[in-house]
Amino acid sequence: MSSRIGKLFGAGADRGTFLGLPRCEDISTLDAQIAILGVPVATPYRSLGLYAAEAPAAIRRGIAHMAGTRGHQDFDLGGPLLPDGVRAVDCGDLPGAYDDGPGNRALIAGAVRAVLDQDAVPVVLGGDDSVPIPLFQAYEDLGSYTVVQVDAHIDWRDEVDGERFGLSSPMRRASEMHWVDRIVQVGARGTGSARPADYQAALDFGAQIVTARQVHEHGIGPILDLVPQGADVLLTIDCDGLDPTIMPAVIAPAPGGLDYWQVVRLMQGIAAKARIAGFDLVEFMPERDPQGLAALTAARLVCNAIGLVARARPR
């Protein structure tokens with residue numbers, strides 16, 4: 001059916017890029033304000049393997065049938081995806097090795113920094129949950145940043161089985177980066193790798209943790225109050241931050257997560273008072289999405305990120 005819809009909307013030949021956007025083979029020649037970058041692997045735990053390596057390709061496939069609609073009215077954004085004069089490109093996927101976390105992280109940080117050096121905003125399709133660590137590292141000495149994380153888990157473990165850069169540690173590592181001056185975490189619920197001492201470490205740092213229950217009871221407004229006016233925001237979305245009824249394709253689904261519109265309203269609210277300086281979406285597991293609906297949901301969040309960045313005032 002999706003192929004028929006693609007023909008109906010004039011998608012044409014599948015470029016293999018996100019929403020049929022132009023491809024950029026060499027970041028050093030980037031001529032766009034927004035650069036999509038697939039990052040299949042950073043530092044997976046050995047016990048999990050490459051559990052999300054196929055995610056970037058699956059997310060691209062999930063919305064490929066809509067490629068012919070880029071210039072149509074997008075009712076989430078109030079206009080076409082890209083306003084006149086704004087260009088977005090897809091830089092493809094970075095290579096990654098299961099047994100070379102340091103090499104993977106260096107490659108990711110270098111690629112993101114290359115995008116930033118071209119005055120573009122990176123939109124990263126992960127990939128395992130540790131991808132945000134090298135993504136954040138790329139922003140060193142470029143200013144001060146607020147991290148906003150949507151996730152069922154707080155990711156404050158110092159290490160797991162000796163690994164300090166794995167999927168349980170992104171926010172702990174972010175807290176050690178002097179260019180990250182605020183961390184706002186949204187959607188925590190149930191249990192995960194965090195122990196009481198890890199939670200206390202987050203509080204001691206000053207992390208603002210808004211549970212999923214608080215979101216459902218009080219809405220998005222109190223979260224936006226935690227984001228400074230005019231801040232540069234690094235927005236990271238772990239797919240398990242969404243409720244498993246709309247996003248089952250994750251490692252550890254937990255009931256009570258955010259719905260699509262809550263996440264979109266959060267993104268829109270951040271863009272209205274601050275600047276999205278970088279975006280990533282991680283922990284999508286294609287094998288748990290046989291119908292492709294979760295991939296479409298993930299892709300639509302990416303579309304919202306692209307559209308909001310495209311509408312932002314110049315830095």
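# Reading burial and contacts in a predicted model

Trainee: Why is Thr 297 called buried?

Mentor: Thr 297 has a relative accessible area of 15%, and buried means under 20% relative accessible area, with exposed meaning over 50% and partly exposed in between (1.4 Å probe, protein chains only), so Thr 297 counts as buried. Please keep in mind that this is a predicted model, in which local features need pLDDT of at least 70 and side-chain atom pairs count only at pLDDT 80 or more, while totals for chains, interfaces and linings use all residues. Residues are numbered from 1 along each chain as its sequence is written, and side-chain values use heavy atoms, with hydrogens and water left out.

Trainee: Where does Thr 297 lie, and what does Thr 297 touch?

Mentor: Thr 297 lies in helix 10, residues 293–310, where helices (H or I, at least four residues) and strands (E, at least two) are DSSP runs numbered from the N terminus. Not counting residues up to four places away in sequence, Thr 297 touches Leu 242, Ile 246, Met 247 and Tyr 260, contact being heavy atoms within 4.5 Å.

Trainee: Why does His 153 count as buried?

Mentor: The relative accessibility of His 153 is 17%, and therefore His 153 counts as buried, although its place is in the loop between strand 4 (145–150) and helix 5 (170–175).

Trainee: What makes the pair of His 153 and Asp 240 a polar contact?

Mentor: The two side chains meet at 3.2 Å, and a polar contact is a pair of N or O atoms within 3.5 Å, where within protein one must be able to donate a hydrogen and the other to accept it, and residues adjacent in sequence count only if both atoms are side-chain atoms. Leaving aside neighbours within four places in sequence, the contacts of His 153 are Thr 191, Gly 192, Asp 240 and Ala 252.

Trainee: Why is Ala 174 called buried?

Mentor: Ala 174, in helix 5, has a relative accessible area of 0%, and so it is buried. Beyond its neighbours within four places in sequence, Ala 174 is in contact with Phe 136, Val 180 and Ile 183.

Trainee: How do you know that the radius of gyration of the protein agrees with a compact globule?

Mentor: The radius is taken over C-alpha atoms, and the globule rule is 2.2 Å times the number of residues to the power 0.38; for 315 residues a compact globule would have a radius near 20 Å, and the protein has 18 Å, which agrees. Of these 315 residues, 57% count as buried.
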